[in-house]
Amino acid sequence: MAVSWRCCDATACRAAGAAALRQRLEAEVGAERVKPVGCLRLCGQAPLAAADHPDGSTELVAGVAGERRLDLDHPFFALQRPVVLERCGLVDPSSIDDALAQGAYATLAACRLRRAAELVEEVVRSGLRGRGGAGYPTGRKWQLVAAQSGAHKVVVCNADEGDPGAFMDRSVMEGDPHRLLEGMAIAAQAVGAAEAYIYVRAEYPLAIERLRTAIAAATERGVLAGLPIQLRIGAGAYVCGEETALLHSIEGGRGTPRPRPPYPAVSGLWGLPTLINNVETFAAIPAILREGGDWYAAMGTAGSKGTKVFALSGAITHTGLIEVEMGTSLRTIVEAMGGGGSGVVKAVQTGGPSGGCIPAELLDTPVDYASLQELGSIMGSGGMVVIDAAMAMPELARYFMRFCVAESCGKCLPCRAGTVQLEQLLDRFVEKRASPADLAQLEQLCGMVKATSLCGLGQSAPNPVLSTLRFFRAEYEAALAPGVVP
Amino acid sequence: MATKPEPPAPHGLGDSLVERLHAVQQQHGYLPPEELQRLARAMARPLSEVMGVASFYHLFRLVPPGLHRCVVCRGTACFVRGSERLEASLRQRGVAFETASCVGACGQAPVLVLDGAVRSGDPGELPWL
Amino acid sequence: MSVDPPVVHGHINGQVFSAAADATLLQVIRAAGLQVPTLCHLDGLTPVGACRLCLVAIEGHPKLEPACVTTVAEGMVVHTHTPELETYRRMAVELFFAEGNHVCAFCVANGSCELQDVAVEVGMDHSRFPYQYPQRHVDASHTQFSLDHHRCILCTRCVRVCDEIEGAHVWDVGYRGSACSIIAGLDQPWGEVAACTSCGKCVDVCPTGALFRKEDGTAEKHPHPERAAQLAEARHEHRWTNP
């Protein structure tokens, strides 16, 4: 038996020359021994390929000529705990036969023999919380939708992964799309939904292609338990990650949020009871139903169960995709797995434009919902960007505020007009011409926008400012105009 | 803006306004006004609603695009790794470009998307141009 | 036979209230003779909760809630004028003034402008935030009316009255974020939009001087925001108010 190769065929590796590497390997061992797979994790070294040797050993190489051999015993790989990503990188994402051979849809088939309430109960026991950012208990959401009396219910997958610095959901969709479909089909059975939608952002063409292929194949094979799943493509609006805005967008309208209640569980898509979860949440479902809620709940911490996928990027040696147990410390992630900063690590940004910066001295913080929130950041969807000493914090805060200005839908005043004023205030700090009054106004306006905006985008837009003010206030004070004493 | 709950729509791919706008843009490269008018008539929707939706989303173009399309990623990883310098280099060379909030190729930061292909490299070099 | 909704009780600013269980907090506040400022809200139109001026504090709720879209509940304890709310309301009005070009002295609506009234109510005489002086335009293409975008606060009353009461849906919101504007048709000159019936309801409900009759000069606008509720009642319940 000869060696077989798995070549990463995801966005990052494609950008770095995956096609050339694959051609080279095909010429070497024959096309039938080379298969395309999803993310092999260490995106910063792309393109990547893994060799499976007849003796059962595996090696990982990088570079268009496969010239760099990577150490699979490195903590970056060794400390991963793949649950959501258990098949990502092993399975050919375009082949339903390969997915079926590796166990796809087996859990769904088993679930069809169980009562719906049992499935919901299993998810409640797992302690799984929404992986899209807000962290609402998934089981409770399922209970709410299951309890709705309407005959017509809908399951919606939020695949509008818009946080800059986040690519977990893209990796799942590109690497193991059948897992997502299976999770959605189980959810539909559990809550009694008859149709399903995936709302995916247009910026992910490869994920869209893989999902299209997967849905067509799964429908043709009849493995989705009769659930029709439709794709809806976004058109460039971050705010559509907010659930009510997302529903408006699926309905074909402007992606503006509306006040809740009513929550989508009661009145969602076209007024129907709607279960909305994000990609990673659905992708965790097959493993939870296969192994049991208790198995999942045994991982992680008291308030944050299971595993979480993070996209590690920024000023760090090893960038890429990791899945670790909840409660793993930031230090383990950044220093052991990420190999430390490419410069001096100053902070880790989590939660994107809704999150904050954890300073280097607090790297021992465990990654769980409560600990991050206590520090004024959030778990968010899983983007983790390492910031080095070269980056001035007011500038980073302005970067996120500019993002929010560009992405505000304009419906409510505090977000539409308040973020514009916040960006201009931050300009004064970046350009070192601020006054002490500006600092006071910055804090006051942050409080106002946070407390009064209509949806999560506006309510969390001040977070990057507030968190950098909390831990790096000296940088703001140093940015006051010369001669001004705070 | 639909201010009243819409009646349960006939479900099916292609029945939403956003989907139809995607189809028009795919065919014409942008959303010509006469096509928006035709779409409003076909879907029996008010003109202002069609325009309201078309102008809301950043990927919908209301004017014809150039021959090549260059989109610079403004994601956090790209920002931390010099996307602002990348934009400056492009401006210096007179290259027209759009921006995206994040294309999700953070491991390769900074990146841009040139005619649909993700490229990365030194912000000062621009080897692909 | 219709069944009356059950009655719930609670407190607003220390005062006891009883209300139908499907009433909004705003209705209850006004019925109690109390007042919170509003701009996007207008009786007779679907509430949107966008201007955030009517936010109130409800004990036990982690967030402030907009009174216009919040339904009362048994035992609710509501505060309408905490120091925090007063600070935020004043800031909100400042943001409104700073984001547009509002010059009361030259405005058709001077003296009958709801934005002006709210500014007086919250005690705002100038904006501490820099005025943005946005480049906007005036659409005078309609034979009877004009739209001065400089004075528009994006309350969307015109959009809703035209859609929900007149049924013409001439207006909508175009673009997004701080670039949002009210658009007619395909963002065309108003006068070119065939759907407009020239009924003038949008002018009647506009809270500022953004929409006005061409014959009106400075301080001569006389809006009729009450008409939305009257028409809605006539349309839906076949009850006519005879003023």
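# A tour of chains A, B and C

Of the 129 residues of chain B, 40% count as buried. Keep in mind throughout that this is a predicted model.

**Stop 1: chain B**

Select chain B by itself. Look for 5 helices and 4 strands. Now trace the chain along its sequence. The pattern reads α-α-α-β-α-α-β-β-β. Next, think about the contacts in chain B between residues at least 6 apart in sequence. Of these, 61% join residues at least 24 apart.

**Stop 2**

**Stop 2: a parallel sheet in chain A**

Now follow β8(A) into its sheet. This is an open sheet of 4 strands in the order β8-β7-β6-β9, and the pairing is parallel. β8(A) sits at one edge and β9(A), residues 274-278, at the other. Each of these edge strands pairs on one side only. On average, neighbouring strands are turned by 20 degrees against each other, with direction ignored.

Zoom in on β6(A), residues 154-159. This strand runs parallel to β9(A), and 5 bridges join the two. For one facing pair, pick Val155(A). Opposite it, in β9(A), stands Leu275(A).

Select α12(A), residues 279-291. This helix packs on the sheet and touches β6(A) and β9(A). The direction of α12(A) makes about 95 degrees with that of β9(A). Then select α10(A), residues 205-221. Helix α10(A) lies across β7(A), residues 195-200, and β8(A). Against β8(A), helix α10(A) runs at about 165 degrees.

**Stop 3: two alanines to compare**

Go to Ala188(A). You will find this residue in helix α9(A), residues 177-191. Is Ala188(A) buried or exposed? Ala188(A) counts as buried, because it has 25 C-beta neighbours inside 10 Å and 20 or more is the mark for buried. Show what Ala188(A) touches, leaving out residues up to four places away in sequence. The partners are Val155(A), Ala193(A), Ala196(A) and Leu227(A). Draw a distance line from Ala188(A) to Leu227(A). The two are 39 residues apart in sequence, and 7.7 Å separates their C-alpha atoms.

Now go to Ala109(A). This one is in helix α5(A), residues 106-111. Is Ala109(A) buried or exposed? Ala109(A) counts as exposed, because it has 11 C-beta neighbours inside 10 Å and the mark for exposed is 12 or fewer. Draw a line from Ala109(A) to Ile186(A). The C-alpha to C-alpha distance is 9.1 Å, across 77 residues of sequence.

**Stop 4: where chain A meets chain C**

Show chain C beside chain A. Here 23 residues of chain A are in contact with 25 residues of chain C. On the chain A side, select α16, α17 (413-430) and α18 (436-452), which each give two or more residues. Helix α17(A) gives the most, with 8 residues. By type, this side of chain A divides into 13 nonpolar, 7 polar and 3 charged residues.

**Stop 5: inside chain C**

Find the open sheet of 5 strands in chain C, ordered β2-β1-β5-β3-β4. Its pairing is mixed. The edges are β2(C), residues 15-20, and β4(C), residues 65-66. Select β3(C), residues 55-58. This strand runs antiparallel to β4(C), joined by 2 bridges. Val56(C) stands opposite Glu65(C) there.

Finish at helix α6(C), residues 226-237. Its 12 residues reach 16 Å from first C-alpha to last, close to the 16 Å expected at 1.5 Å a residue. After α6(C) comes His238(C), whose phi is positive, near 55 degrees.

Conventions
Residues are numbered from 1 along each chain as its sequence is written. Chains are lettered from A and ligands numbered from 1 in the order in which they are written. This is a predicted model: local features need pLDDT of at least 70, side-chain atom pairs count only at pLDDT 80 or more; totals for chains, interfaces and linings use all residues. Two strands pair if DSSP finds at least two bridges between them. Axes are lines fitted to C-alpha atoms, for helices over the stretch in contact, and angles run from 0 to 180 degrees between N-to-C directions. Two residues are in contact if their C-beta atoms, placed from the backbone, lie within 7 Å. Ala, Val, Leu, Ile, Met, Phe, Trp, Tyr, Cys and Pro count as nonpolar, Asp, Glu, Lys and Arg as charged, and the others, Gly among them, as polar. The expected span of a helix is 1.5 Å times one less than its number of residues.
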